[in-house]
Amino acid sequence: MATIASTATGHERGTPGFRRLGAAMWCAGLATFVLVYSPQVLLPTFAAEFAVSSSTASLALSATTLALAVAVVPLSAVCESWGRTRMMTAALAVSAALGLIEPFAPSFGVLVVLRALQGVALAALPALAMAHTTREVAARWLGGAVGLLIAGNALGGLTGRLVTGFVADVAGWRVALGVVGGVSLLCMVAFRLLLPAPRTPDPPRVRLRELGRPIGRHLADPVLRGLFAVSFLVMGAFVTVYNYSGFRLEAAPFGVPVGLAGLVFLGYLAGPVVSPWAGRVADRHGRAPVVAAGLAVAAAGAWVTLPANLVVICIGVLLVTVGFFTAHAVASGWAGRRAADLPDGSPALASSLYLLAYYAGSSVGGSLGGVAYDHLGWLGVSCFLTLLLAAGFLVALRLRTSSRGRAPVRGRPRVRRGRRP
């Protein structure tokens, strides 16, 4: 492919700036998901060591995602005006430092508190990364660029879980969490060295009391509301699958050790492949059908996981993973682009609201999935997943209709063209 020079409107695919930006955002996504989701494979270990139920053990993960959800909108809105590059670097540094402290937690309660603080530290990073990508990349290459960011998320989730599981088998969970903290610190250094100088200026300073009106404007848009709902529902289903697969595989009749049970997370390898591909397909053929297809695939995977057969379970988890990354990669980039086309819309704020729904889904869905597992076993989990994903599918179908009435693009009159959501 011939190299295309960057323009003032954003980095074009194939240019050095595009490649460096993609690599830096890949590192940011890697670090975020390594830190947030690495304890997922340890939940059965926490339940046994601290004598708590599976749903209580899930607080080691839910505390982080809930704190992140609560803090993501105010912090990302304020931090963007302080400099996206500076604040993304700071978020990575502080969260990595907390990751290095977590192995010394004397009790489960202290560990949960540290994990919640880590969620606050990370809160600004995902939204700023999404907004930075939206502002710095030429619009026609946005789907693929966001796919690279999501691919970093996927590899981070996989790396964190696999490394944590195997190190925990050899040296215990405390050493495993320390290794994760070290990996995230290396990601922070690579991110800062790779990130090119920003091409677009930082927005004016924002005060927290001024957020209500712009949030209301974004929530008034039916497409954005639908995307936020899809984010909440698909993430709740996805986290539930991985939260409780470990409990299921380590119990009878499987009796799989922690490190080997973590191999189920190899399904995450689908993420770096599916996410950029889904973004490119959506750029060509429309976003809503791709989101709906991803949700349908995930729902099918939820029932494939039901038989007590290791191979079949892994296939089902893989289908859920493929469906999740298909829907999420497209929906997350769509939210920023939709906001950019709204009068007075803010891609950063839209990304923040999307991530609020995303991590709220992780917290609420992950915990409620534990209640279903504690009372009804894996059948309860499959039913719970189906409920969430069916609701998301219905929302995606409505997105196809809502998005036909496109938001007016700032700075130019609205022109009727071929309709493609």
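Visitor: At what angle do the axes of helix H1 (residues 16–37) and helix H6 (residues 108–122) cross, and within what distance do they come?

Guide: The axes cross at roughly 160 degrees and come within 10 Å. Axes here are lines fitted to C-alpha atoms, for helices over the stretch in contact, with angles from 0 to 180 degrees between N-to-C directions. Before we go on, this is a predicted model, in which local features need pLDDT of at least 70 and side-chain atom pairs count only at pLDDT 80 or more, while totals for chains, interfaces and linings use all residues. Residues are numbered from 1 along each chain as its sequence is written, and side-chain values use heavy atoms, with hydrogens and water left out.

Visitor: Why are H1 and H6 called roughly antiparallel?

Guide: Their axes cross at roughly 160 degrees, and the cut-offs are under 35 degrees for roughly parallel, over 145 for roughly antiparallel, 65 to 115 for roughly perpendicular and oblique for the rest. H1 and H6 therefore count as roughly antiparallel. Their crossing is left-handed, a term for a near helix turned anticlockwise from the far one by less than a right angle, with right-handed for clockwise.

Visitor: Which residues make the contact of H1 with H6?

Guide: H1 brings Thr32, Leu35 and Val36, and H6 brings Arg115, Gln118 and Leu122, where contact means heavy atoms within 4.5 Å. They divide into 3 nonpolar, 2 polar and 1 charged. In that scheme Ala, Val, Leu, Ile, Met, Phe, Trp, Tyr, Cys and Pro are nonpolar, Asp, Glu, Lys and Arg are charged, and the others, Gly among them, are polar.

Visitor: What makes Thr64 count as buried?

Guide: Its relative accessibility is 0%, and buried means under 20% relative accessible area, exposed over 50% and partly exposed in between, with a 1.4 Å probe and protein chains only. So Thr64 counts as buried. Thr64 sits in helix H4 (residues 59–80). Apart from neighbours within four places in sequence, Thr64 is in contact with Val36, Arg115, Ala116 and Gly119.

Visitor: What makes H5 roughly antiparallel to H9?

Guide: Helix H5 (residues 84–101) and helix H9 (residues 173–194) pack at about 165 degrees, with axes 8 Å apart. That angle makes H5 roughly antiparallel to H9. H5 passes H9 in a left-handed crossing, and the residues of their contact divide into 9 nonpolar, 7 polar and 1 charged.

Visitor: Why are H13 and H15 called oblique?

Guide: Helix H13 (residues 270–285) and helix H15 (residues 310–341) pack at an angle of about 40 degrees, again with a stated axis distance, 8 Å. H13 and H15 are therefore oblique to each other. Their crossing is right-handed. The contact includes Gly271 and Ala278 of H13 and Phe325 and Ala329 of H15, and its residues divide into 9 nonpolar, 4 polar and no charged.

Visitor: How do you know that H7 is largely enclosed by the rest of the structure?

Guide: Of the 13 residues of H7, 12 are buried, so H7 is largely enclosed. Among them are Pro126, Met130, His132 and Glu136.

Visitor: What span should helix H7 (residues 124–136) have, and what is found?

Guide: At 1.5 Å a residue (1.5 Å times one less than the number of residues), H7 should span 18 Å, and its end C-alpha atoms are 18 Å apart, which agrees.

Visitor: How many helices and strands does the chain have?

Guide: The chain has 16 helices and 0 strands. Helices (H or I, at least four residues) and strands (E, at least two) are DSSP runs, numbered from the N terminus. Of the 421 residues, 59% are buried.
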